[in-house]
Amino acid sequence: MGTVTLGVSIAVPEPYGSLLQERRASFGDPAAHGIPTHITLLPPTEAEAADLPAIQAHLAGIATGGRPFPMRLSGTGTFRPLSPVVFVQVVEGASACSWLQKRVRDASGPLVRDLQFPYHPHVTVAHGITEEAMDRAYAELGDYEAAWTCGSFALYEQGPDSVWRKINEFPFAAGGGAPALPAQSSGSVDAPSLHP
């Protein structure tokens with residue numbers, strides 16, 4: 001069956017997703033129209049095509065154990081000079097994203113992998129383009145704001161044409177299940193429960 005290139009992410013909903021994708025294209029990023037606007041939970045990862053059913057079952061289990069959470073984007077940031085990326089910042093929902101991505105890559109599941117850099121949720125708006133164009137992206141989206149309730153995440157596959165296409169969406173248990181953001185410890189000896 002061969003291998004596939006997979007990614008797991010939270011889609012930025014409309015109208016924000018299309019607007020940021022168009023802005024990314026306007027800065028000259030050639031990948032803009034092949035990558036839906038998103039917050040990464042699992043970066044591009046090679047997997048055996050035969051493992052797709054197990055991968056989808058793993059992701060469904062994570063979603064069942066979570067619930068919707070508020071997400072807010074505000075302003076820009078950059079990973080330069082370490083990495084040629086300008087992004088819109090996640091200012092609310094980052095802890096929930098971090099909690100989710102750890103479970104996606106959990107050692108007990110089929111998507112185990114190490115990250116090249118520490119996890120930092122963000123929405124890329126420019127990658128690998130000229131410094132001048134990245135400066136423009138950083139400045140022009142500096143006052144960008146968006147907010148929504150995140151109710152799901154999705155599994156994507158990168159096609160031979162380098163376009164990312166959604167394979168399946170995994171909605172959180174509606175109002176039930178564990179929070180996507182675990183409860184904070186109040187100093188008690190018992191760890192917070194992630195089960196209802």
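Leaving out neighbours within four places in sequence, Thr-149 is in contact with Pro-68, Phe-69 and Pro-70, where contact means heavy atoms within 4.5 Å. This is a predicted model, in which local features need pLDDT of at least 70, side-chain atom pairs count only at pLDDT 80 or more, and totals for chains, interfaces and linings use all residues. Residues are numbered from 1 along each chain as its sequence is written, and side-chain values use heavy atoms, with hydrogens and water left out.

Staying with Thr-149: this residue is in strand 6, residues 145–150; strands are DSSP runs of E, at least two residues, and helices are runs of H or I, at least four, numbered from the N terminus. Thr-149 and Pro-70 are 79 residues apart in sequence, yet 4.5 Å apart from C-alpha to C-alpha. Is Thr-149 buried or exposed? Thr-149 is exposed, because its relative accessible area is 57%; exposed means over 50%, buried under 20%, and partly exposed in between, with a 1.4 Å probe and protein chains only.

Next, the helices. The axes of helix 2 (residues 52–64) and helix 3 (residues 94–104) come within 10 Å and cross at roughly 150°. Axes are lines fitted to C-alpha atoms, for helices over the stretch in contact, with angles from 0 to 180 degrees between N-to-C directions. Helix 2 contributes His-58, Leu-59 and Ile-62 to the contact, and helix 3 contributes Leu-100, Arg-103 and Val-104.

Last, the pocket. Strand 2 gives the largest share of the lining of the largest pocket, five residues.
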